[in-house]
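Open the model in your viewer and keep the selection tool ready. The tour goes stop by stop.

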Amino acid sequence: MVSSQDEPLFLNDDDEIIQSEYSKGFWKILIVDDDQEIHAVTKMALADVVICGRQLEFHHAYSGNEALDRLVEHDDIAMVLLDVVMETDNAGLKVAQAIREQLGNDEIRIVLRTGQPGYAPEESVVKNYDINDYKTKTELTRSRLLTTVFSAVRSYQQLCTINENRRGLRKIIHSASNLMEKHSIVNFSEGVVTQIASLLGLSAEGIVGARAPHKDNEILVLGAAGHFADSINKSLSTLNSSEIEKSVRQCLNEQRHIHTEDATVFFIDGQVHQAAAYIETKNIVAEYDQELLEVFLANIAVGFENANLFEELQTAAYLDPLTGIPNRAEFTRNLQALSEKPDKDKMVAVIDIDHFSDVNDGLGQDVGNLLLRSVALRLTDQLGSNVFVSRIAADVFGIFGPTDIVTPNAFNELFSLPFRAGEHYIPLRVTCGFASGANPERVNGKGLLKQVYIALKNAKNNSFDRYNYYQPSMEQDTQRRLHLVRRLRADFANRKLEVWYQPQVELTTQKVIGVEALLRWPQSDGSFISPAEFIPLAEYSGLIVEIGSWVIEEACRQINAFDEIGLPQLRVAVNVSVPQFRKRDFPELVEKQIEQWGINPERIELEITESIVMEDPDLVADILRRLKQQGIKVAIDDFGVGFSSLSYLQKLPLDRIKIDKTFVNNSDQASGQIIIETIVDMAGRLGLNVLAEGIEEQSQLDYFLGLECAEGQGYFFAKPIPADQLISLLQKQMSYS
């Protein structure tokens with residue numbers, strides 16, 4: 001929370017400018033930003049500031065290249081306030097790199113600023129280029145800017161004063177650099193003790209303490225070394241030393257170094273957090289060592305802030321901000337640990353809330369968020385502390401724990417009662433996937449996550465119980481499907497797919513009056529992969545739209561070829577998939593192919609299924625009307641197998657109904673005959689033609705002849721055949737007529 005004396009830099013405030021007696025010389029400050037206003041506001045905020053008897057002299061650059069030019073012109077610039085994002089997203093980082101590597105300048109202090117928190121530098125950048133500080137522009141209030149400048153200039157001054165001893169300087173930077181690698185506050189604080197002791201030539205015996213959050217009177221040991229090591233994360237009072245507690249408290253209260261008979265306590269002045277480093281030593285710190293330590297402490301003050309920041313970021317990186325439970329990254333980390341030490345007594349699971357989007361759509365996202373919190377709370381409370389619960393996707397929870405707890409029955413029990421979300425009580429149904437922690441296949445953490453997702457998908461597709469346990473065969477099936485999809489895509493691109501044609505006949509004469517275009521996928525060994533297997537894969541992968549367009553083009557081309565050799569003018573029926581029909585420009589695509597091949601539109605008949613009709617009846621009716629205006633015929637394929645309303649027959653501009661072969665197979669039974677006769681009678685009354693599919697026996701042909709059904713199709717007449725065989729069949733038919 002920003003106090004009244006720490007307002008944003010871009011507001012007017014009446015902070016008292018810290019001044020001291022003016023002396024000759026200036027501290028040169030380079031402001032690098034592509035925003036003119038930032039230059040003006042920064043200069044105004046730092047006007048009349050005096051540090052160690054010198055005022056500030058401002059230099060300006062508006063791009064990375066211009067900044068390097070200024071630095072070449074002025075080799076005594078004390079610090080650079082450097083915008084990260086300018087002409088490129090990392091222009092500022094490139095300048096920092098050039099300062100350290102190309103210019104070889106180890107003394108200038110670099111403070112990175114950005115208006116875009118997402119462009120924060122990597123930890124390695126902060127370490128490698130000795131970044132003094134990093135702030136977003138919105139958090140860089142005036143007082144914090146002053147503190148940052150004071151710290152940076154003092155660091156610069158002190159670095160310059162010890163140029164006569166480069167070895168000591170290198171040791172300082174090396175020490176601070178090592179500390180920057182310690183991202184946890186405990187490791188960082190322990191490193192502070194070790195490095196200070198090393199600089200003074202002492203054994204590492206000491207602690208780093210700071211005030212505990214929300215407990216002003218308690219001091220917490222953040223890090224420790226030597227015989228103090230067991231005190232980490234404990235109260236300072238547990239050391240049972242009134243002298244240590246007194247000196248540390250004095251250091252923090254008076255914000256200065258404290259020297260006692262048995263120790264020196266160094267004050268670490270972070271911008272937000274302060275700490276005290278207690279080092280056991282009876283020696284008085286020499287003046288030169290004091291200068292070294294001041295530089296070191298100025299560096300680690302920034303590192304101390306960063307260590308706090310890193311710890312906060314690490315917490316944020318592994319926690320779900322909505323529910324407060326671990327997120328996908330933490331779930332995967334724990335699965336990785338489980339994979340390294342498999343445990344047959346552990347079970348991994350994912351819980352997917354069915355139709356959760358309906359809650360967001362119907363009741364709003366706020367209610368949806370409350371519902372997710374309610375689910376997380378029930379899972380964590382009722383599964384117990386031995387079970388790890390995380391939220392790994394929008395409405396998916398990842399869980400692992402003992403096999404006797406992480407079970408389908410336990411989850412069913414948990415979701416048996418509604419969940420409260422504000423004023424709503426919402427019942428939920430879930431689908432679950434499970435995988436054993438025994439990990440017999442020795443996969444890593446991501447592999448375990450993959451296994452439970454495979455089990456989840458299998459449960460969604462095939463399990464009445466809405467749960468399934470991972471089996472290697474599931475993954476093998478998945479891999480086979482993916483392999484088939486890749487092969488299908490490659491073979492389609494290489495024009496290896498074929499269109500075959502099954503004749504449709506006039507029942508009274510058995511004369512071929514039309515054909516149905518059917519897709520075939522030949523293999524190198526002469527076999528074929530069944531359309532029942534590869535058509536769903538084409539639909540799943542989205543390839544069906546391209547394949548479907550090609551089949552229509554091939555049908556139009558074949559009609560043109562038939563006409564050129566004088567064959568009877570047959571109609572060609574082409575099946576249309578749901579994804580094809582969803583494209584609003586589908587009628588235009590068909591019309592384009594008809595015009596390209598110069599055929600009569602009435603020669604093309606598009607076959608659609610009831611599932612297409614019922615998905616969006618109004619859209620389908622509009623598209624069919626546009627097709628009919630072109631003269632294209634439309635048939636309903638597999639009529640009667642769905643459970644849709646018959647009312648669409650009145651609304652849609654249809655030409656033909658194809659009775660599904662399942663009914664044809666039952667034409668010798670009274671129940672089957674009732675359905676067939678009802679369909680034929682209804683079609684006749686609606687003025688629609690009828691074609692019976694799957695006729696394979698003489699008795700079936702006789703039955704449909706008796707019904708005065710006009711057309712049929714099936715193995716009794718002909719199987720699907722390639723175009724050249726169809727041509728031979730048609731030519732033979734012409735010779736007999």
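**Stop 1: two crossing helices**

This is a predicted model. Select helix H15 (residues 472–493) and helix H16 (residues 531–541): their axes come within 10 Å and cross at roughly 85 degrees. Angles from 65 to 115 degrees count as roughly perpendicular, so H15 is roughly perpendicular to H16.

Now show the side chains at the contact. H15 brings Arg 480, Arg 481, Leu 484, Val 485, Leu 488 and Arg 489. H16 answers with Glu 533, Phe 534, Leu 537, Ala 538 and Ser 541. Colour the contact between H15 and H16 by residue type: 6 are nonpolar, 1 is polar and 4 are charged.

**Stop 2: a five-stranded sheet**

Switch to cartoon view. Trace the strands in the order S13-S14-S12-S17-S18. They form an open sheet of 5 strands with mixed pairing. Which strands stand at the edges? Select strand S13 (388–393) and strand S18 (467–469). Each has a single partner strand, so one side of each has no neighbour in the sheet. On average, neighbouring strands of this sheet are turned by 20 degrees against each other, direction ignored.

Zoom in on strand S12 (residues 346–353) and strand S17 (residues 430–436). The two run antiparallel and are joined by 7 bridges. Pick Ile 353, and look across to Val 430 in S17, which stands opposite.

**Stop 3: a covered strand**

Move to strand S22 (residues 571–575). Is S22 mostly covered or mostly uncovered? Mostly covered: 4 of its 5 residues are buried.

Strand S20 (residues 511–522) pairs with S22 in the parallel sense, over 4 bridges. Click Glu 516; its bridge partner in S22 is Ala 573. Strand S23 (residues 604–608) also runs parallel to S22, joined by 4 bridges. Here Val 574 stands opposite Leu 606 in S23.

**Stop 4: the nonpolar cores**

In soluble globular proteins, nonpolar side chains tend to be buried together. The largest nonpolar core in this model has 81 residues. Select Ile 608 and Phe 704, which have the most contacts inside this core. Helix H17 (residues 544–564) gives the core its largest share, 9 residues.

Stay on Phe 704 and show what surrounds it. Leaving aside neighbours within four places in sequence, Phe 704 is in contact with Leu 507, Ile 659, Val 664, Ile 676, Ala 692, Ile 695 and Cys 709.

Finish at a second, separate core, which has 30 residues. Select Phe 397, Ile 399, Phe 419 and Cys 432, which are among them.

Conventions. Residues are numbered from 1 along each chain as its sequence is written. This is a predicted model: local features need pLDDT of at least 70, side-chain atom pairs count only at pLDDT 80 or more; totals for chains, interfaces and linings use all residues. Side-chain values use heavy atoms; hydrogens and water are left out. Axes are lines fitted to C-alpha atoms, for helices over the stretch in contact, and angles run from 0 to 180 degrees between N-to-C directions. Angles under 35 degrees count as roughly parallel, over 145 as roughly antiparallel, 65 to 115 as roughly perpendicular and the rest as oblique. Contact means heavy atoms within 4.5 Å. Ala, Val, Leu, Ile, Met, Phe, Trp, Tyr, Cys and Pro count as nonpolar, Asp, Glu, Lys and Arg as charged, and the others, Gly among them, as polar. Two strands pair if DSSP finds at least two bridges between them. A nonpolar core is a set of buried Ala, Val, Leu, Ile, Met, Phe, Trp, Tyr and Cys residues joined through side-chain atoms within 4.5 Å. Buried means under 20% relative accessible area, exposed over 50%, partly exposed in between (1.4 Å probe, protein chains only).
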